[in-house]
Amino acid sequence: MQNVSELYEDIVGSPNHWFECALAIGDSGRLITQTGDVILFGNTAILVDSGGAETAFREEILMSMSISHSVFNENYPVVGSAVSGEIDIKMLKPASEIPRKARLAPFVRATDGERYSEWLPKGVYYVDTRETSHNSNGLDIVVIHGYDAMLMFEMNYPSDDANNYPMLDTDMVQFLADSISISVDPRTWERMTEEYEFPLPIGYSSREVLGMIAASYGGNFIISDEGQLLLIRLADLPRETNLLITEYGDYIVFGEDRIMV
C-alpha cells in the first residue's frame, strides 16, 4: 500500500473531506525542446526542476483528469500480463507548449478545507495524443491521452551480448527495466524469490517476456504510482474488498466522477 501520513489518514477519516488534483507536465529533471528532445550542453543534459505537485497545474486550469490503472488486461483475474495504465486529461491550454511525448505526472491530496495532506504521486505517463479545440467562450481547450512506461516494452527483446543465458529472473527484469531507463519497485524483489531461469527469448517482445516472468509468480507487472516496474501477485491484492482493484485504486477521476485512492 502507498505510504501516507497520519494527517492524510485523519483527513480521510473525517466526514467532510475531498480530494484535490494536480498535474505536472514536462520531462523529469532535464531541459527539453518543444519536440521533446533533451537539450545538451556539450554531451551533458541540462538538469532543471522536475516539476512536482507544488509547481503543477491545479483545478484553475484542469477541467477533468481520469486514470485507468488495473492489475488485469481482462475484466476477470488473469496472470502473465504486463498491464499498461492510461490517463485522460481535459484542461485549458497552457501558455507553454506541451512537448511531444511529454511526461505527465498526476498527484492527489486530501483536504477538509482547512488542512491539506501531502501530495501523493499517481503514476507517470507520456503523451500519446493531444487535440486542441475552442469552446463556446472562445477558450482553447486541450484534450490529452497518455500511457505509462509499460508501452515502451512493446519492442523486441533487446540485443544482449553481455549476459549469459539462461538468465536469472531477477536479472532479466532488471535488464529490461534498464533498457527503457526506469527503476524497479523494491517490492518486486521481495516477491521474486524462486530464482527461475529463462533462456534467451528469441522472437518475443520485452512486454511478452515480462508476462512470462509474471506468470511464473502467479501475477502481473504494472507501473507503480512512483513510475517503477512492480510485480503484483494475485495473493497481494487487498482482501478487505470485493472489487478487483490495485492497491492504488483502478480509477482516479477529477471532473464528472469520484476519485478512488
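Reply: Helices (H or I, at least four residues) and strands (E, at least two) are DSSP runs, numbered from the N terminus. The model is predicted: local features need pLDDT of at least 70 and side-chain atom pairs count only at pLDDT 80 or more, while totals for chains, interfaces and linings use all residues. Residues are numbered from 1 along each chain as its sequence is written, and side-chain values use heavy atoms, with hydrogens and water left out.

Me: What percentage of the residues in the protein is buried?

Reply: The secondary structure comprises 4 helices and 14 strands. Buried means under 20% relative accessible area, exposed over 50%, and partly exposed in between (1.4 Å probe, protein chains only). Of the 261 residues in the protein, the buried share is 44%.

Me: Is Lys122 buried or exposed?

Reply: Lys122 is placed in the loop between strand E7 (120–121) and strand E8 (125–134). Because its relative accessibility is 3%, Lys122 counts as buried.

Me: Which residue does the side chain of Lys122 join in a polar contact?

Reply: A polar contact is a pair of N or O atoms within 3.5 Å; within protein, one must be able to donate a hydrogen and the other to accept it, and residues adjacent in sequence count only if both atoms are side-chain atoms. At 3.4 Å, such a contact links the side chain of Lys122 to that of Asp225.

Me: Which elements do the buried residues of H2 pack against?

Reply: In helix H2 (residues 169–179), the buried residues are Asp169, Thr170, Met172, Val173, Phe175, Leu176 and Ala177. In general, an α-helix has 3.6 residues a turn, so residues three or four places apart point the same way. Contact here means heavy atoms within 4.5 Å. The partners of the buried H2 residues are strand E10 (167–168), helix H3 (186–191), strand E11 (197–198), helix H4 (206–216), strand E12 (219–223) and strand E13 (229–233).

Me: At what angle do H2 and H4 pack, and is H2 roughly parallel or antiparallel to H4?

Reply: Axes are lines fitted to C-alpha atoms, for helices over the stretch in contact, and angles run from 0 to 180 degrees between N-to-C directions. The axes of H2 and H4 lie 11 Å apart, and the packing angle is about 150°.

Me: Which residues of H4 make the contact with H2?

Reply: From H2, the contact involves Asp169, Met172, Val173 and Leu176. The residues contributed by H4 are Ser206, Val209, Leu210 and Ile213.

Me: Is Ser181 buried or exposed?

Reply: H2 is followed by Ser181, which lies in the loop between H2 and H3. Phi of Ser181 is near 60°, a positive value in a residue other than glycine. Because its relative accessibility is 69%, Ser181 counts as exposed.

Me: What is the phi of Glu195?

Reply: Glu195 belongs to the loop between H3 and E11, and its relative accessibility of 59% makes it exposed. Although Glu195 is not a glycine, its phi is positive, at about 60°.

Me: Where is Pro166 found?

Reply: The peptide bond from Tyr165 to Pro166 is cis, with omega near 5°. Pro166 is found in the loop between strand E9 (140–148) and E10.
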